[in-house]
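User: I am new to this structure and would like to learn how to read it. Could you guide me through its main features?

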Amino acid sequence: MLQGKHAIVTGGGTGIGLAIARSLADAGAQVTITGRRADVLKEVAEPGMFALPMDVSDEASVREGMASAVAARGPIQICVANAGIAEGRKLQKTSSEFWRKIMATNLDGCFYTVRESLESMTTTDWGRVIAISSIAGLRGAPGAGAYAASKHGVIGMMRSFAEDFLGGPITFNSICPGYVDTPIVTRNTDAISKRAGVSEEEARNMMINMNRHKRLISPEEVAATALWLCNPLIESVNGTEIRIAGGQL
Ligand code: NDP
C-alpha cells in the first residue's frame, strides 16, 4: 500500500513510534526513524530503515535533520510527529523551566517536524500527517497541566493545519491514546504512585483500570490506526482526532 513512500517517525526508536515505524515498513514505506539517542536508533533500525539522530525541541536540528532525510531518501510524504515526554507536576510545582521543557518537545517539536515536511508533500501532491497527542489532549488530569496543555495544542494544530489545506491531498490528524504499554508508562508509574500516595503496583493497576478492557493498550493498536490513516483511500478523515483508550472518557 505504501510502496515508494518515504515516512518519517519522530521518536521512532522506542514504544509507539517504533511500532508505527515497523507497521509502515511492513506496508512498503521507506522509513526514517528519529530520536536523540543515536545508539538506540541504530540498535532497532531494521534493514532498509534510516536512523537519524535529531532533537525535535531544537529548530535547527529538525531543519537539518529533515533536509538530510530528504536528501538521502527523497521527499517525505508521511510524517508521524510522535516524539514526546510525559512528566507530571501539580500547578504549585510547575516552574517556568518545567513548562518550557514540556512545550519545547511536545508542542514546538510537533510544529517544527510538520512544517519541515510540508514542502515535500506539496511538491509531490500527497501527504499524511499524524500527530500523537494523548487522551490528556481531550481532558484534564491531576498533575498534568503542562502535558495536557501541550497535547491539547497538538490537536488544535492538526485541526487548523487541515483547514489550511482543506480539499487537498494532504491530511492532518491526531491520535489520542490512553495508557499504552511503553517506557513512558514504566517511568511514570513511580511518579504516579508518589503523587497518589499508593504503591507502584497500585499505580499500575490504576492505569489498567481506566481502560474498560482492564489492560494497557499495546503500541501495535496505535500503529494499526496510524497505518489506516495513511491509506490513500482515506482522505475524508481529516482535521480530526482518534481516541484509542479502551472506552476511557
Ligand atoms: P517513549 O518514551 O518510548 O517514546 C518517546 C520517544 O520520543 C522516544 O523515542 C524519545 O527518544 C523521543 N523523544 C523524546 N524527546 C525527544 C526530543 N527532544 N527529540 C527527539 N526525540 C525525542 O514513550 P511512548 O512511545 O509512549 O511515547 C510516544 C508518544 O506517545 C509521546 O508523544 C507520548 O506523549 C504519547 N503518548 C503515550 C502514551 C502512553 O501511555 N505511553 C499515552 C498517550 C500519548 P530519545 O529519548 O532517544 O530522544
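This is a predicted model: local features need pLDDT of at least 70, side-chain atom pairs count only at pLDDT 80 or more; totals for chains, interfaces and linings use all residues.

User: In what order do the strands of the open sheet lie?

Analyst: Strands (E, at least two residues) and helices (H or I, at least four residues) are DSSP runs, numbered from the N terminus. Two strands pair if DSSP finds at least two bridges between them. Here 7 strands form an open sheet in the order β3-β2-β1-β4-β5-β6-β7, with parallel pairing. Because β3 (50-53) and β7 (241-244) each have a single partner strand, they stand at the edges, and one side of each is left without a neighbour in the sheet.

User: How many bridges join β1 and β2?

Analyst: Strand β1 (residues 6-10) pairs with strand β2 (residues 30-35) over 5 bridges, in the parallel sense. His 6 stands opposite Gln 30 in β2.

User: How are two packed helices described?

Analyst: One gives the angle between their axes and the distance between the axes. Axes are lines fitted to C-alpha atoms, for helices over the stretch in contact, and angles run from 0 to 180 degrees between N-to-C directions. The axes of α6 (183-196) and helix α7 (residues 200-210) come within 8 Å and cross at roughly 105 degrees. Angles of 65 to 115 degrees count as roughly perpendicular, and α6 and α7 are therefore roughly perpendicular to each other.

User: Which residues come nearest to the ligand?

Analyst: A residue is near a molecule if its C-beta atom, placed from the backbone, lies within 6 Å of it. Of the 30 residues around the ligand, Gly 11, Gly 15, Arg 36, Gly 84 and Thr 182 come nearest. The elements giving two or more residues to this shell are α1 (15-26), α4 (96-124) and α6.

Note on methods. Residues are numbered from 1 along each chain as its sequence is written. Angles under 35 degrees count as roughly parallel, over 145 as roughly antiparallel, 65 to 115 as roughly perpendicular and the rest as oblique.
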